[in-house]
Amino acid sequence: MSAPSTSCRIDVFWHDGMLDHDTGKGVFDTGMNPGFLEVLEKHPENSDRIRNIVSILRKGPISSYISWHSGSPATIHQLLSFHSQEYVDMLIEADKNGGHHAQPTQADGYCFFNNAGLAVQLALDSGCKKVLVLDIDVHYGNGTAEGFYRSDKVLTVSLHMNHGSWGPSHPQNGTVDELGEGEGFGYNLNVPLPNGSGDKGYGYAMRELVIPAVEKFEPDMMVLVIGQDSSARWHVILLQIEIAVKE
C-alpha cells in the first residue's frame, strides 16, 4: 500500500506535558470519597485516556495518515488571542486542561482553555485566510463556536446529540438556528443528531450537510475536534471524514 499523499495527511501536535494534568479520584463529578467505596475511580479526564488516544493514533488504522509534530505550552499572548484578559488572569496559576467547551470568558464541561480555538486563531495569525472547525464530539462544541460566532473567517461545524443548554456555563443550545451573528452569520453550522445515531446517520449528515458547506467555504486549514464519546470507533470516523473532505 502506497503512502498517503501530503494533502490527505493529518497533523498532530504532541507534548508530554499533556500527561501531567491530575484531575484526582473520587465519585464522578464530585471528587469526593463517600467512605464506602473500595476503589475510587479516576476522573474521566485522566492521563490514561490520553495515553490510549496517542497509542491509537500511533498504532491504529489511521497511523499512516498522521504527521507528528512537537507541541509547546501556550504563551500568555496566545491564550489572550481567544480568551479575555480577566479570565486568563484568574486561571493562569492553575494547571488546567483544554477543550471545546471553554468559552472566551468562562470554563465549561471540564474545559478551561479552548485548545481548538487557540489553534484556529494561531492559523489565522499565521496567514490562513479561512479555517474550518469540524467537531464530532457527542456534545456541542459551544466554546469554539462562541469564540468565532461573529467571524466570517471561521466556519464552525458541530455534529452532536440534541442535548440543548445545560445551565449558565453552557447557555448555547446547539440548535440549527444558531447560525452566527453579524459578519459571522451563516458561518456556524449545527447538526443536532437524534440519540443513538449510528454510522448511517453520521454518514448522511456528512454527505448532505457538512461536505457541501465545507466545499463552498474552501478553507485553507481544518481543525478536527474528535471527542471519542460519540463513537467507540472514533478513529474510523476520523478517517472517513478526512477522506470524504479531501475527495
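A residue is called buried here when its relative accessible area is under 20%, exposed when over 50%, and partly exposed in between (1.4 Å probe, protein chains only). By that scale Cys128, with a relative accessible area of 22%, is partly exposed, while Cys111, at 7%, is buried. The structure holds zero disulfides, a disulfide being counted as a pair of cysteine sulfur atoms within 2.5 Å.

A word on the ground rules before we go in. This is a predicted model, in which local features need pLDDT of at least 70 and side-chain atom pairs count only at pLDDT 80 or more, while totals for chains, interfaces and linings use all residues. Residues are numbered from 1 along each chain as its sequence is written, and side-chain values use heavy atoms, leaving out hydrogens and water.

Let's begin with the whole chain. It has seven helices and eight strands; these are DSSP runs numbered from the N terminus, with helices (H or I) of at least four residues and strands (E) of at least two. Of the 247 residues in the chain, 39% are buried. Contact means heavy atoms within 4.5 Å, and among contacts between residues at least 6 apart in sequence, 65% join residues at least 24 apart.

Now step inside. A nonpolar core is a set of buried Ala, Val, Leu, Ile, Met, Phe, Trp, Tyr and Cys residues joined through side-chain atoms within 4.5 Å. The largest one has 17 residues, and Val120, Val131 and Val154 touch the most other members. Two or more residues each come from helix H3 (85–91), helix H4 (115–125), strand E5 (131–135) and strand E8 (221–225), with H4 giving the most, five residues.

At its start, a side-chain oxygen of Asn114 reaches to within 3.2 Å of the backbone nitrogen of Ala116. The buried residues of H4 are Ala116, Gly117, Leu118, Val120, Gln121, Ala123 and Leu124. An α-helix has 3.6 residues a turn, so residues three or four places apart point the same way. The buried residues of H4 pack against helix H2 (76–79), E5, helix H5 (142–147), E6 and E8. After H4 comes Gly127, with a positive phi near 120°.

Helix H6 (residues 199–217) is the next stop. Its 19 residues reach 25 Å from the first C-alpha to the last, close to the 27 Å expected at 1.5 Å a residue; the expected span is 1.5 Å times one less than the number of residues. H6 also bends by about 45° at Met206, where the bend is the angle between axes fitted to the seven residues ending there and the seven starting there.

What follows H6? The helix is followed by Glu218, whose phi is positive, near 55°. Most residues other than glycine have a negative phi. Glu218 is found in the loop between H6 and E8, and its relative accessible area of 54% makes it exposed.

Two buried polar residues sit in strands. Ser158 lies in strand E6 (residues 154–161) and has a relative accessible area of 4%. A polar atom of its side chain lies 3.4 Å from the backbone nitrogen of Gly141. Beyond four places in sequence, Ser158 is in contact with Asp135, His139, Tyr140, Gly141, Leu189, Asn190 and Val191. Asn188 lies in strand E7 (residues 188–193) and counts as buried at 3% relative accessibility. Its side chain makes a polar contact of 3.4 Å with the side chain of Asn190. (A polar contact is a pair of N or O atoms within 3.5 Å; within protein, one must be able to donate a hydrogen and the other to accept it, and residues adjacent in sequence count only if both atoms are side-chain atoms.) Not counting residues up to four places away in sequence, Asn188 touches several others, among them Tyr140, Tyr149, Leu155 and Glu178.

We finish at helix H1 (residues 47–59), which contains Asp48. Asp48 counts as partly exposed at 34% relative accessibility, and a polar contact of 2.7 Å joins its side chain to that of Lys42. The C-alpha atoms of Asp48 and Leu19 are separated by 8.2 Å, although these residues are 29 apart along the chain.
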